[in-house]
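Here are some friendly notes to read alongside the model. Keep the viewer open and look up each residue as you come to it.

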Amino acid sequence: MPIRTFWDNDKKNLIRIVFDTHWDIAEFEKMIDEIREMRMGILYPVDIILDFSTSYSGYNLNLLSIMGRIERIVSNHTGITLLLKPPPYIKYLVGVVERMAPRITRDLYIVDSTEEAQELLEKRQRPSES
């Protein structure tokens, strides 16, 4: 499967999406639908890791054409989104989206390792100290 979407823990507060080798816009849209189904009925924050570590696609895709669908998912998403090792094209798109729809990228972070992702998640879940 080019894009795999699954709960990354038993608490069901972290969704991991793994982009394997080649994928296309139809598979990306299917992933959006899967996230929506997974989050149905969940009333607490859910974090998302989009793992591009083994991805070779995305360069010729018009992901901007489905920006409305992405924004609808994000508008109901209260956790953080981590992009793990995104290819240059995805990084470029994040920059474009920051200007077009800043709400989508408000809690989005680009990380270079699983350890860095875990650190950000732990900081997010730690109660604030007063």
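1. Start with Lys-85, which sits in the loop between β4 (81–84) and α3 (88–100). Helices and strands here are DSSP runs, numbered from the N terminus: a helix is H or I over at least four residues, and a strand is E over at least two. Phi of Lys-85 is near 50 degrees, which is a positive value in a residue other than glycine. Lys-85 is partly exposed, because its relative accessible area is 44%. On this scale, buried means under 20% relative accessible area, exposed means over 50%, and partly exposed is in between, using a 1.4 Å probe and protein chains only.

2. A word on where these values come from: this is a predicted model, in which local features need pLDDT of at least 70 and side-chain atom pairs count only at pLDDT 80 or more, while totals for chains, interfaces and linings use all residues. Residues are numbered from 1 along each chain as its sequence is written, and side-chain values use heavy atoms, with hydrogens and water left out.

3. Next, look at Lys-12, in the loop between β1 (3–7) and β2 (14–19). Lys-12 is not a glycine, yet its phi is positive, at about 55 degrees. Its relative accessibility is 39%, so Lys-12 counts as partly exposed.

4. Asn-13 is also found in the loop between β1 and β2. Is Asn-13 buried or exposed? Asn-13 counts as buried, because its relative accessibility is 14%. Its side chain is joined to that of Asn-9 by a polar contact of 2.5 Å. A polar contact is a pair of N or O atoms within 3.5 Å; within protein, one must be able to donate a hydrogen and the other to accept it, and residues adjacent in sequence count only if both atoms are side-chain atoms.

5. Two strands pair if DSSP finds at least two bridges between them. Strands of a sheet pair through backbone hydrogen bonds, either parallel or antiparallel.

6. The bridge partner of Arg-4 in β2 is Val-18. Contact means heavy atoms within 4.5 Å.

7. How many salt bridges does the structure hold? There are 6 salt bridges, each being a side-chain nitrogen of Lys or Arg within 4 Å of a carboxyl oxygen of Asp or Glu. Side chains of opposite charge can pair when their charged atoms come close. One of the salt bridges joins Asp-20 and Arg-4, whose closest N and O atoms are 2.9 Å apart. This pair links distant parts of the chain, 16 residues apart: Asp-20 is in the loop between β2 and α1 (25–39), and Arg-4 is in strand β1. Asp-20 is buried, with a relative accessible area of 18%, whereas Arg-4 counts as partly exposed at 34% relative accessibility.

8. Arg-36 and Asp-33 form another salt bridge, with the closest N and O atoms 3.1 Å apart. These residues are separated by about one helical turn, because they are 3 residues apart in helix α1. Arg-36 is partly exposed at 34% relative accessibility, and Asp-33 is partly exposed at 28%. Elsewhere, salt bridges that share partners join Asp-8, Arg-16 and Asp-51 into one network.

9. Arg-16 counts as buried at 13% relative accessibility, while Asp-8 counts as partly exposed at 30%.

10. Finally, find Ser-55 in the loop between β3 and α2 (67–75). Ser-55 is buried, with a relative accessible area of 9%. Its side chain makes a polar contact of 2.7 Å with the side chain of Trp-23. Leaving aside neighbours within four places in sequence, Ser-55 is in contact with Phe-19, Thr-21 and Trp-23.
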